[in-house]
Amino acid sequence: MGFYTYYRKIAKKIPSIGFGGRANEDALINYASQVPENGNILEFGPFLGSSTAFLACGVLKSGRKNVTICSVDNWVINESYQRQLKKHHIEMEIGHNFRSEFFDNLKPFPVKIIISDISKEEIRWGLIANHFMSDEKIHLVVDDSDNHKIPTDHMFQNLSPYFTPNVTIIMLLDFFWGKVKKLRDLDYQVDFMEANKEVFQLIECIPAPSLGAAFLYKGGKINYEVKQP
Ligand SMILES: C[S@@+](CC[C@H](N)C(=O)[O-])C[C@H]1O[C@@H](n2cnc3c(N)ncnc32)[C@H](O)[C@@H]1O
């Protein structure tokens, strides 16, 4: 078995909830494999590391030795995650911090992975980049966490100074979910991207069950005055 196939097989075994890692396997590998040497991937909502593992597979596929993945999560089990994990025959207490399970799952992958436990609404990329990164620029953002207005706006306000036009890719893994399921409060990111279509170019709709999308940052001023009907 080839080197890369071996790691992909390990990644497939990590439990994934919602339509995270497993549903976005090819796209995660594809975009991570395009991140340049010394580049950075910033992921929101890795949970037990399924999506992270496919990102790591992409880095390994590219053969680059110095790409960093930074995974941001609250790392705490709530009732919904507890219920979804039962389908994988995994029992975790509500309130359990799952950071150590994340690290155990990612241990086999020879890729630099760091974590942050500051929530998406509060994270400051500048501080992380100063401490851990060889390049402060962000080449790939993957969001599989909370797609409401406050965390989404904060994500773009905090991160966009570190984007590079025509290079940085944004993957929003739950992008079409709110629209398709008619869950009005979960479709903010669609309105946000509609209001910013000159700044972010849609480059891929990731097919069901993912319902995610990928965008290329083109540069320009981001509009946060997003109208929601
Ligand atoms: C649906 S799960 C992600 C599934 C995962 N990507 C996979 O491949 O299995 C959502 C994750 O987002 C995290 N999360 C939700 N809201 C967050 C926030 N505001 N800040 C940081 N993490 C958050 C949760 O703790 C959870 O781990």
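I count a residue as near a molecule or strand if its C-beta atom, placed from the backbone, lies within 6 Å of it.

**Ligand shell.** With that cut-off I listed what sits around the ligand: 21 residues, of which Gly20, Gly21, Gly45, Ser50 and Ser51 come nearest. I then sorted the shell by class, with Ala, Val, Leu, Ile, Met, Phe, Trp, Tyr, Cys and Pro as nonpolar, Asp, Glu, Lys and Arg as charged, and the others, Gly among them, as polar. The shell came out as six nonpolar, ten polar and five charged residues.

**Ground rules.** I kept in mind that this is a predicted model, where local features need pLDDT of at least 70 and side-chain atom pairs count only at pLDDT 80 or more, while totals for chains, interfaces and linings use all residues. My residue numbers run from 1 along each chain as its sequence is written.

**Whole chain.** I took helices (H or I, at least four residues) and strands (E, at least two) as DSSP runs, numbered from the N terminus. The protein chain has nine helices and seven strands. Its radius of gyration is 17 Å, close to the 17 Å that the globule rule gives for 229 residues, so the chain is as compact as a globular protein of that length. For that I used C-alpha atoms, and the rule is 2.2 Å times the number of residues to the power 0.38. Along the principal axes, the C-alpha atoms fill a box of roughly 45 × 40 × 35 Å.

I called a residue buried if 20 or more other C-beta atoms (placed from the backbone) lie within 10 Å of its own, exposed if 12 or fewer, and partly exposed in between. On that count, 41% of the 229 residues are buried. For contacts I asked that two C-beta atoms, placed from the backbone, lie within 7 Å. Among contacts between residues at least 6 apart in sequence, 75% join residues at least 24 apart.

**H1 against H3.** I fitted axes as lines to C-alpha atoms, for helices over the stretch in contact, with angles from 0 to 180 degrees between N-to-C directions. The axes of H1 (residues 3–12) and H3 (residues 50–62) come within 9 Å and cross at roughly 175 degrees. That makes H1 roughly antiparallel to H3 (the label covers angles over 145 degrees; under 35 is roughly parallel, 65 to 115 roughly perpendicular and the rest oblique). H1 brings Tyr4, Tyr7, Arg8 and Ala11 to the contact, and H3 brings Ala53, Phe54, Cys57, Leu60 and Lys61. By class I get seven nonpolar, no polar and two charged residues in this contact.

I looked up Ser33 in helix H2 (residues 25–33). Ser33 counts as partly exposed because it has 18 C-beta neighbours inside 10 Å. Leaving aside neighbours within four places in sequence, Ser33 is in contact with Gly58, Lys61 and Ser62. Val76 is 43 residues from Ser33 along the chain, and their C-alpha atoms are separated by 30 Å.

Val35 lies in the loop between H2 and strand E1 (40–44). Val35 is buried, since 24 other C-beta atoms lie within 10 Å. Not counting residues up to four places away in sequence, I find Val35 touching Ile41, Val59, Val67, His139 and Leu140. Val35 and Arg64 are 29 residues apart in sequence, yet 8.6 Å apart C-alpha to C-alpha.

Most residues other than glycine have a negative phi, and most peptide bonds are trans. So I noted the exceptions.

- Ala208 and Pro209 are joined by a cis peptide bond, with omega about 10 degrees. Pro209 lies in the loop between strand E6 (200–206) and strand E7 (212–217).
- Leu211, found in the loop between E6 and E7, has a positive phi near 60 degrees. Leu211 is buried, with 21 other C-beta atoms within 10 Å.
- His89 is not a glycine but has a positive phi of about 60 degrees. I found His89 in the loop between helix H4 (79–86) and helix H5 (99–106), and with 7 C-beta neighbours inside 10 Å it counts as exposed.

**Around H5.** Glu93 also sits in the loop between H4 and H5, and is exposed, with 8 other C-beta atoms within 10 Å. Asp104 is in helix H5 and counts as partly exposed, with 13 C-beta neighbours inside 10 Å.
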